[in-house]
Every structure is written in structure tokens, then in C-alpha cells.
Amino acid sequence: MGVRHINPEGLHRSPAFSQAVVVEQPAKTIYIGGQNGVDADGAVVGPTVGEQARQAFRNLATILESEGASLANIVHWTIAVVDGHTFEEGVAAFQEVWNRADPPPAITVHVVAGLGPGFLVEIDAVAVV
């Protein structure tokens with residue numbers, strides 16, 4: 001697959017994210033809309049960022065699996081967290097689902113004034129297969 005995770009010299013290197021991801025050949029690209037901590041019935045799964053992030057990651061995995069892909073195919077996340085809530089629990093949830101042997105995706109995190117009713121976190125993603 002023609003995907004390269006780059007961390008050029010002169011930029012901070014982190015085990016949690018890549019500075020950029022380059023796709024060098026035509027490939028199937030999956031753009032995943034924002035996933036919240038809701039179950040298959042649309043119910044919010046819990047009152048914490050951690051619980052909601054775990055569900056959002058499960059939702060992302062379900063979408064990817066339906067297309068023959070996995071979380072390892074994600075090249076970019078955008079994560080929104082409601083102001084006043086720390087994302088430390090969300091980072092812990094990410095570490096539970098991400099295989100450290102895979103190159104980490106590029107990540108953007110936003111602190112927002114609000115999301116839908118009861119939502120504390122929303123994660124969208126781009127995957128390349």
C-alpha cells in the first residue's frame with residue numbers, strides 16, 4: 001500500500017501521532033463522519049469522556065470492518081472534546097485500541113463549546129486501504 005507516515009527532522013516526534021501521512025498511489029479512501037459515544041440504538045453510553053471515546057472507537061472499527069479495513073488503516077483522526085472535560089480518558093481509550101506496532105495517524109484535537117445533547121466527544125477519521 002502506498003501510505004507513508006512522516007515525521008520530518010526538525011519537528012517533534014511522538015509515539016501517539018504522525019506529523020503527516022502521504023498517500024502515493026490510488027487507493028480506497030474511507031471518510032468517516034463524526035462518531036459519538038452512542039450504541040446501535042442511538043443511546044449515549046455513559047457520562048464520561050472515556051466511556052464515550054471507547055464507544056466512538058468501537059463505532060469506527062465497525063464502519064472500517066464493513067469495508068474490509070481496520071483501525072490500522074486510519075491515516076487521520078479529528079477529535080472534538082467538550083470544553084471543561086479533559087481528554088486524558090480519551091487518550092487512555094485510544095491506547096487500548098491502537099496497536100503500538102502500527103504507525104500512528106496524524107491527529108487534530110479541538111476543544112469545543114458543545115456537541116449534541118449528552119455528547120462529550122466526537123471522532124471522525126480518514127482511512128486508506
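Let's start with the largest nonpolar core. It has 24 residues, and Phe57, Leu60, Leu64, Leu71, Trp77 and Ile123 touch the most other members. A nonpolar core here is a set of buried Ala, Val, Leu, Ile, Met, Phe, Trp, Tyr and Cys residues joined through side-chain atoms within 4.5 Å. Buried means under 20% relative accessible area, with a 1.4 Å probe and protein chains only.

This is a predicted model: local features need pLDDT of at least 70, side-chain atom pairs count only at pLDDT 80 or more, and totals for chains, interfaces and linings use all residues. Numbering runs from 1 along each chain as its sequence is written, and side-chain values use heavy atoms, without hydrogens and water.

Which element gives the most to this core? Helix 1, with seven residues. Helices are DSSP runs of H or I, at least four residues, numbered from the N terminus.

Now Ile123. Its contacts (heavy atoms within 4.5 Å) include Phe57, Leu60 and Trp77, not counting residues up to four places away in sequence.

Next, Gln52. It sits in helix 1.

Last, the largest pocket. A pocket is an open set of points on a 1 Å grid, where a 1.4 Å probe fits, with protein on both sides within 12 Å along at least five of seven lines; lining residues have an atom within 4 Å of a point. Of its 15 lining residues, Pro15, Ala16, Phe17, Phe94 and Ile107 lie nearest the centre. Helix 2 gives the most to that lining, with four residues.

Definitions and conventions. Buried means under 20% relative accessible area, exposed over 50%, partly exposed in between (1.4 Å probe, protein chains only). Helices (H or I, at least four residues) and strands (E, at least two) are DSSP runs, numbered from the N terminus.
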